[in-house]
Protein chains: 2
Amino acid sequence: MNYRYSDRLGKFSSSAVREILKLTQRQSVISFAGGLPAEEHFPVAAVGEAFDRVLAQGNKALQYGLTEGYLPLRESISRRMAKKGIQVTPDDMLLTTGSQQAIDLLTRIYIDPGDVILVERPTYLSAIQVFNSYGARLVSVAGDSDGMDLADLAAKLEQHRPKMVYVIPTFSNPTGQAWSLERRKGVLELCRKYDALILEDDPYGELKFGDESVHYPSIFSLDQHPAGSCVVYTSTFSKTVAPALRTGWVMGDPDLIRNMARAKQAADLHSSSLDQQTLYQLFEHFDLDGHISFVRKEYEARMRQMAELLREKNWPGVTWNEPKGGMFFWLELPEAVDTAELLKTAVQLGVAFVPGATFFAENPKANAMRMNFTHNDTENTITGMNRLSQAMESVLVR
Amino acid sequence: MNYRYSDRLGKFSSSAVREILKLTQRQSVISFAGGLPAEEHFPVAAVGEAFDRVLAQGNKALQYGLTEGYLPLRESISRRMAKKGIQVTPDDMLLTTGSQQAIDLLTRIYIDPGDVILVERPTYLSAIQVFNSYGARLVSVAGDSDGMDLADLAAKLEQHRPKMVYVIPTFSNPTGQAWSLERRKGVLELCRKYDALILEDDPYGELKFGDESVHYPSIFSLDQHPAGSCVVYTSTFSKTVAPALRTGWVMGDPDLIRNMARAKQAADLHSSSLDQQTLYQLFEHFDLDGHISFVRKEYEARMRQMAELLREKNWPGVTWNEPKGGMFFWLELPEAVDTAELLKTAVQLGVAFVPGATFFAENPKANAMRMNFTHNDTENTITGMNRLSQAMESVLVR
């Protein structure tokens with residue numbers, strides 16, 4: 001028969017992440033592409049014990065759950081947030097299938113075709129895809145290593161009157177940078193003034209490197225007041241515990257959360273309650289903070305190794321900043337280089353990364369690339385970087 | 001701040017299922033409302049063993065997975081389908097967060113606002129909600145206990161030229177009825193003629209009662225040909241294994257499936273791969289068919305008990321058919337009765353059901369109700385039916 005797809009289908013343009021995930025399944029390729037955590041640090045034994053505890057609760061553990069998510073886990077997250085000075089109740093929170101679903105659900109209830117969303121330049125590619133799929137018009141705001149440019153933001157709020165501003169202020173995907181406190185406060189103030197809802201995407205906030213005393217408060221935490229919160233905050237256990245449990249959460253004004261739950265009911269009734277219950281047991285019987293602290297140190301070591309290799313390689317005309325946390329280096333190459341072309345050569349040589357262009361909502365920069373440093377061990381990182389050096393030789397002039 | 005929700009939000013009208021699930025959490029209420037399987041028959045020990053096997057595979061089990069779902073599970077499902085004479089490969093299949101997500105994803109890629117979807121009268125309430133949320137125009141087709149009325153379908157295909165026809169031909173939710181083979185073939189033929197895609201929702205097909213030799217072939221199986229399949233088929237493990245694993249699947253033309261996967265990538269990257277891997281291990285090391293056969297017999301016994309009680313109560317003017325499988329009785333009351341009002345009385349007396357009106361896309365029948373018979377044990381069913389009798393007395397005239 002003749003399939004008559006929706007107009008919307010054409011908006012699911014790039015499927016880069018999916019293709020990347022496929023690429024990484026090929027054993028011979030060393031991939032710096034996917035945002036994958038290090039498998040060897042997954043708390044497998046603890047997850048196993050937690051699961052046993054779930055099943056020991058009785059058969060009801062396998063029954064349908066609430067759309068909002070397993071209440072005891074929402075309570076655990078609330079308590080954890082309280083330790084960081086963030087006051088949220090389980091009613092201000094929805095559990096999702098990763099934070100990706102939180103982005104999708106908020107967009108679904110908030111954005112009509114033609115509505116403007118402001119985004120960073122560059123930003124998370126799968127968020128771009130979601131926004132496009134709902135017919136949003138994306139406008140990029142300039143920024144630097146301290147965060148969004150406040151003057152450019154003000155101008156674009158004034159010009160476009162956007163409904164939403166999407167940001168990853170802490171250890172950005174793809175740049176690895178963290179916003180200064182001043183920029184966080186400035187963006188909040190401006191968005192409040194213009195009635196633009198901030199979607200704060202924070203999958204990496206727990207993965208902080210360097211000086212323990214330096215804090216990056218979430219914009220959400222700066223906006224605490226009883227009603228009319230200007231910020232919706234989402235995070236995930238994918239980077240701190242394990243991705244296979246596919247559990248994220250989203251916090252915000254209870255009215256927004258209730259409406260997202262209505263959309264979630266239609267989308268999938270609820271996420272895996274087995275995973276949610278397992279995470280709750282981890283909260284109760286496992287030193288989650290200790291584990292996160294351990295993972296953070298391991299990732300910092302991997303980041304330092306890659307920084308060292310980048311300094312050694314010293315590829316001509318290639319610039320980068322040391323990430324303050326998270327999972328990624330962001331490299332800028334000489335203007336003439338197209339990293340999508342470079343990727344073809346690289347994959348032939350057995351190494352992968354993500355070309356930078358996919359991270360731009362408009363006017364893509366073809367000469368940038370994202371490199372993950374968390375997934376590969378020391379040896380693979382060295383081999384991968386050597387292969388990448390070979391690929392670089394084909395495009396860079398010494 | 002002032003929230004500016006999308007127009008779409010207003011279309012997530014009823015949240016009846018969610019409210020029902022909340023209701024069932026109150027211990028004192030005996031609920032015939034939710035479509036809940038019997039907890040005491042969940043294969044808890046087998047799920048525990050399967051999970052142990054997953055973790056024994058090593059840390060990679062906790063890593064990100066493919067959007068399409070865990071390949072070995074897709075292969076297992078293919079093999080199971082082949083035994084029923086249905087030829088599908090893993091490429092014709094996508095794993096979803098319950099079959100609810102399959103309905104959502106197909107609608108997302110296929111339906112533009114204003115497109116017509118034909119549905120049964122009555123039909124699954126959360127499907128109505130999904131279709132409405134995408135701005136579809138729903139038109140109901142008449143039917144009887146043998147399935148959709150072919151003359152009415154032909155007339156409405158001709159008049160509305162719908163993009164999609166949504167059906168639950170085997171042990172319908174809410175009516176529990178199964179279509180005859182003739183109706184299945186007739187609907188397929190008519191939809192093919194009018195280029196209308198059939199979405200066949202089959203969560204209950206495995207729960208067949210009575211004569212073993214009677215078969216209800218899926219419409220999908222009647223449509224087997226290499227390209228341009230007219231049917232998308234979805235099912236779930238929620239009713240045969242357990243809902244908490246939140247795993248469904250959808251099969252169809254590989255082009256359609258690929259496009260649904262693109263939409264799924266934006267929606268949540270992938271569903272819980274831990275759950276998918278656990279189900280794969282159940283396929284490998286557990287007598288799934290034996291388990292399903294056992295559950296089927298238990299549910300048939302519960303159905304017979306409720307049928308017996310219904311005959312005993314013999315409420316004046318209340319009609320029903322014995323379901324041929326699945327989870328539900330559908331009762332029609334005298335025209336003057338509004339079951340939404342009856343529910344209020346019933347809940348005060350400690351028993352719940354779902355008022356029929358929510359199952360209609362248009363012109364709701366206020367005098368019908370859905371009763372689940374799978375969740376409660378013998379004793380609770382008796383108590384619940386006695387309470388319901390009391391409630392009935394308030395609205396029915398002897």
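Q: What should I know about the numbering and the model before I start?
A: Residues are numbered from 1 along each chain as its sequence is written, and chains are lettered from A in the order in which they are written. The model is predicted, so local features need pLDDT of at least 70 and side-chain atom pairs count only at pLDDT 80 or more, while totals for chains, interfaces and linings use all residues; side-chain values use heavy atoms, with hydrogens and water left out.

Q: How many residues of chain A are in contact with chain B?
A: Contact means heavy atoms within 4.5 Å. Here 94 residues of chain A are in contact with 94 residues of chain B.

Q: What area do the two chains bury between them?
A: Buried area is the accessible area (1.4 Å probe) that two parts lose on being put together, summed over both. For chain A and chain B this is about 8300 Å², with 54% of it on carbon and sulfur atoms.

Q: How many salt bridges are there between chain A and chain B?
A: A salt bridge needs a side-chain nitrogen of Lys or Arg within 4 Å of a carboxyl oxygen of Asp or Glu. The count between the chains is four. One of the pairs in a salt bridge is E39(A) with K60(B), at 3.9 Å from N to O.

Q: Which helix of chain A gives the most to the side that touches chain B?
A: Helices (H or I, at least four residues) are DSSP runs, numbered from the N terminus. Helix 9 of chain A gives the most to that side, with eleven residues.

Q: How do I check the length of helix 9 of chain B?
A: The expected span of a helix is 1.5 Å times one less than its number of residues. Helix 9 of chain B (residues 254-268) has 15 residues and should span 21 Å; its end C-alpha atoms are 20 Å apart, which agrees.

Q: Why is helix 9 of chain B described as largely enclosed?
A: Buried means under 20% relative accessible area (1.4 Å probe, protein chains only). Eleven of the 15 residues of this helix are buried, so it is largely enclosed by the rest of the structure. Among them are L256(B), M260(B) and K264(B).

Q: Which residues of helix 7 of chain A are buried?
A: They include R183(A), V187(A) and L190(A). Just after this helix, D195(A) takes a positive phi of about 55°.

Note on methods:
Helices (H or I, at least four residues) and strands (E, at least two) are DSSP runs, numbered from the N terminus. Buried means under 20% relative accessible area, exposed over 50%, partly exposed in between (1.4 Å probe, protein chains only).
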